[in-house]
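Subject: Handover of a structure for your review

Dear colleague,

Please find below the sequence and structure that I am handing over to you. My notes on what was found follow directly after.

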Amino acid sequence: TIDSMYGILTINLAGSVPKPYITNLYIGGNQFRNVFGHNITLFADNTLVESNRINDTYMDAIRVWGSNVVFRGNVVSNLYISGSNHPDVIQTFGAAGAYHYAKNIIFENNEAYNSYAQPCNMETFGYVDQYGDWTFRNNLFVGIAGQGNVGIPRTRWYNNTFYRSASNHMHAITFLTQTNYDGEDAVVMNNLFIACGEFDSN
């Protein structure tokens, strides 16, 4: 159990830039609680992150850069706002710089509950070739207040359930094509959206 109210970064696994990222990691069975900062930040390839619990914490649960990374069976709950920052269950963004990338990421069989957070936030910042090919499947999002901002190409969404989510937005998932966002060529199949949006009838 990692329990640190004012720890800034709990796990920060970064390769040296522009050298290759760390590779072949396993992160499993940990609990993160009361962390005042991002909980897991990865710059890694060929990595499995599974069966971790992140709860009662501030800012993002997961930030990831790398390729061939799988997040499986993790449980996230009670993410809180810290100042002007909005927490995300999982995030990546091209503002990290030209040497970074986030491709071939699988996010499956995870659960997220009761958080003033976005399920995801993904931005290319113009580095379109370095971001994309993410799959979200068989995940459960319950009481996640924000919308998922999808701004990278070729995401796939299969068999996910959103229940009473996006309560401060109109949509549980939004695909964006504007400055810094390139959310083209997505597939959304066999998902459930129940009582989502600002009003239960949406």
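I begin with Thr92, which is part of strand S11, covering residues 88-93; strands here are DSSP runs of E with at least two residues, helices are runs of H or I with at least four, and both are numbered from the N terminus. Please note that this is a predicted model, in which local features need pLDDT of at least 70 and side-chain atom pairs count only at pLDDT 80 or more, while totals for chains, interfaces and linings use all residues. Residues are numbered from 1 along each chain as its sequence is written, and side-chain values use heavy atoms, with hydrogens and water left out.

Thr92 has a relative accessible area of 0% and is therefore buried (buried means under 20% relative accessible area, exposed over 50%, and partly exposed in between, with a 1.4 Å probe and protein chains only). A polar atom of the Thr92 side chain lies 2.8 Å from the backbone oxygen of Val64. The side chains of Thr92 and Trp65 make a polar contact at 3.3 Å; such a contact is a pair of N or O atoms within 3.5 Å, and within protein one must be able to donate a hydrogen and the other to accept it, with residues adjacent in sequence counting only if both atoms are side-chain atoms. Beyond its neighbours within four places in sequence, Thr92 is in contact (heavy atoms within 4.5 Å) with residues including Ala102, Asn121, Tyr131 and Trp134.

Turning to the chain as a whole, there are 24 strands and zero helices. Of its 202 residues, 50% count as buried.

The aromatic residues deserve a separate paragraph. Rings of Phe, Tyr and Trp (its six-membered ring) pair if their centres lie within 6.5 Å; planes under 30 degrees apart count as stacked, over 60 as edge-to-face and the rest as tilted. The count by this rule is 12 aromatic pairs. In one of them, the ring centres of Trp65 and Phe93 are 5.1 Å apart with planes at 85°, so this pair is edge-to-face. Trp65 belongs to strand S9 (residues 62-72) and Phe93 to strand S11, so the pair ties together parts that are 28 residues apart in sequence. Trp65 counts as buried at 2% relative accessibility, and Phe93 counts as buried at 17%. Both residues belong to one aromatic cluster, formed by Tyr21, Phe43, Trp65, Phe93 and Tyr101.

Yours sincerely
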